[in-house]
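Q: Could you walk me through how to read salt bridges and a nonpolar core in a model like this one?

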Amino acid sequence: MFVIVFGAFLGGMAVRGLAHDTSTSNAVRRSNGNSGSGAVASRRPGPSAYRDGIPTGFERTKDGARAAAVAYVLTGRTLINLAPTLVDNAVRSMSAKASADGQVASATQQLMQLRKVLAAGTGPTRYLQAVLATRTDAVTQERARVSVWNVGVLSRDGVAAPQAGWTTSVFELVWEHDDWKIWSEAITPGPAPALNAGVAPATSQQLESALNEFTPWELRS
């Protein structure tokens with residue numbers, strides 16, 4: 001049961017079956033007419049800020065769309081730690097308006113299932129994420145499709161021996177309210193590498209001991 005719940009959650013908020021845009025371009029330029037500010041694009045693709053742990057403020061460029069997809073993948077730990085009453089606003093802040101309701105419902109259900117399973121364990125819940133590689137599949141001024149290969153490691157004594165979930169998330173992003181927002185996310189398991197034969201899998205207690213005083217790596221500057 002746990003593996004099913006864990007696998008469903010690892011990729012983030014999955015809203016499948018929505019519209020897809022297959023148009024492509026090699027680069028996009030910031031549109032002052034649509035942004036309404038006339039501001040010069042910053043040198044960083046984003047995010048420019050975090051609100052309650054959720055990234056915001058990405059450039060209207062190919063690199064900005066890529067940065068948004070990566071940052072959104074890495075919100076899993078933040079969402080797990082959020083109070084249930086705050087999940088709705090957090091998910092909506094990342095979502096396109098037209099698909100926000102579906103994304104909120106999906107994320108809320110997955111988090112409830114995960115918390116129910118983890119509640120039977122003891123000690124800290126550790127969830128760490130990393131992005132290994134990305135691919136920008138399509139990009140225009142208004143839409144982008146970005147694939148993100150990532151891994152999430154979850155551990156809680158008694159219910160979840162340390163385990164890595166490898167997934168590829170394909171984000172359909174739209175430019176909305178001067179930012180890249182998630183229209184949909186399609187999640188595919190893998191590709192998953194084999195465990196290095198030179199090391200045995202750690203228990204939850206061994207993982208906590210080995211990572212004592214380690215803190216999660218943040219994208220923030």
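A: Arg-92, for instance, is partly exposed, at 34% relative accessible area. Keep in mind that this is a predicted model, where local features need pLDDT of at least 70 and side-chain atom pairs count only at pLDDT 80 or more, while totals for chains, interfaces and linings use all residues. Residues are numbered from 1 along each chain as its sequence is written, and side-chain values use heavy atoms, with hydrogens and water left out.

Q: How many salt bridges are there by the rule used here?

A: The rule asks for a side-chain nitrogen of Lys or Arg within 4 Å of a carboxyl oxygen of Asp or Glu. That gives six salt bridges. One of them pairs Arg-60 with Glu-142, at 2.6 Å from N to O. The two partners come from distant parts of the chain, 82 residues apart: Arg-60 sits in the loop between β2 (54-56) and α3 (62-73), and Glu-142 in the loop between β3 (122-139) and β4 (143-157). Those labels are DSSP runs numbered from the N terminus, with helices (H or I) of at least four residues and strands (E) of at least two.

Q: Is Arg-60 buried or exposed?

A: Arg-60 is buried, with a relative accessible area of 1%. Glu-142, on the other hand, is partly exposed at 37%.

Q: Which residue forms a salt bridge with Arg-135?

A: That's Asp-137, with the closest N and O atoms 2.4 Å apart. Arg-135 is exposed at 53% relative accessible area, and Asp-137 is partly exposed at 25%. Elsewhere, salt bridges with shared partners tie Asp-88, Arg-92 and Asp-101 into one network.

Q: Which residues have the most contacts inside the largest nonpolar core?

A: In soluble globular proteins, nonpolar side chains tend to be buried together. A nonpolar core here is a set of buried Ala, Val, Leu, Ile, Met, Phe, Trp, Tyr and Cys residues joined through side-chain atoms within 4.5 Å. The largest one has 32 residues, and Phe-58, Tyr-72, Phe-171, Leu-173 and Trp-180 have the most contacts inside it. Elements giving two or more residues include α6 (100-118), β5 (160-176) and β6 (179-189), while α3 gives the most, with seven.

Q: What does Phe-171 touch?

A: Taking contact as heavy atoms within 4.5 Å, and not counting residues up to four places away in sequence, Phe-171 touches residues including Ala-69, Tyr-72, Val-73, Val-146 and Ile-182.

Note on methods:
Buried means under 20% relative accessible area, exposed over 50%, partly exposed in between (1.4 Å probe, protein chains only).
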